Amino acid sequence: MARQKGVLKYVGTLGDVRHFKIKGQEGYFAGMVGGPSGEQVLTAPEFERTRENMNEFGACAKAGKSVRTGLSQIVKQMSDTQVAGRLTAIMKKINLEDQTEARGYRKIEITTQRNYLVGFEFDKTLP
């Protein structure tokens, strides 16, 4: 991936080159536009595994948001910027524990797998 070093700092697409900034990294980046269209991903048979992954990741993100919403008073006061990602990762681990459903339809059973949440740090920056 190209890295922009000039004085012009911008994000967006010029021709077939897209420019973007990555959170947590210095500088701006550039890469070629490409990949399958959204319609291809949603309908083509070769993207079946991708659709399964999208379905499970979306469910994990929603479950993580539900936990954050339920604990919103704590999260507001005692969380860092990466708490959502860490919580989604834990939800994915819980999701992988479900052996009853097919891939792409596995459940996130927090109540039966609560051991994954033991010791969860809402703010990794605190000593």
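Because the structure is a predicted model, local features are considered only at pLDDT of at least 70 and side-chain atom pairs only at pLDDT 80 or more, whereas totals for chains, interfaces and linings use all residues. Residues are numbered from 1 along each chain as its sequence is written, and side-chain values rest on heavy atoms, with hydrogens and water left out.

Helix α4 covers residues 83-96, where helices (H or I, at least four residues) and strands (E, at least two) are DSSP runs numbered from the N terminus. With 14 residues at 1.5 Å a residue, α4 should span 20 Å, and this agrees with its end C-alpha atoms, which lie 20 Å apart; the expected span is defined as 1.5 Å times one less than the number of residues. The buried residues of α4 are Val 83, Arg 86, Leu 87, Thr 88, Ile 90, Met 91, Ile 94 and Asn 95, with buried meaning under 20% relative accessible area, exposed over 50%, and partly exposed in between (1.4 Å probe, protein chains only). These buried residues pack against α2, residues 48-70, contact being defined as heavy atoms within 4.5 Å.

Glu 56 is located in helix α2 and counts as buried because its relative accessibility is 2%. When its neighbours within four places in sequence are left aside, Glu 56 is in contact with Lys 92, Asn 95, Ala 102, Arg 103, Gly 104, Tyr 105 and Arg 106. The side chains of Glu 56 and Lys 92 form a salt bridge with an N to O distance of 2.5 Å, a salt bridge being a side-chain nitrogen of Lys or Arg within 4 Å of a carboxyl oxygen of Asp or Glu. This pair links distant parts of the chain, with Glu 56 in helix α2 and Lys 92 in helix α4, 36 residues apart. Lys 92, at 26% relative accessibility, counts as partly exposed.

In total, the structure holds 8 salt bridges. One of these joins the side chains of Arg 86 and Asp 80 (3.2 Å, N to O), and both Arg 86 and Asp 80 are buried. Another is formed by Glu 101 and Lys 107, whose closest N and O atoms are 3.7 Å apart. Glu 101 is partly exposed, with a relative accessible area of 35%, and Lys 107 is likewise partly exposed, at 36% relative accessibility.
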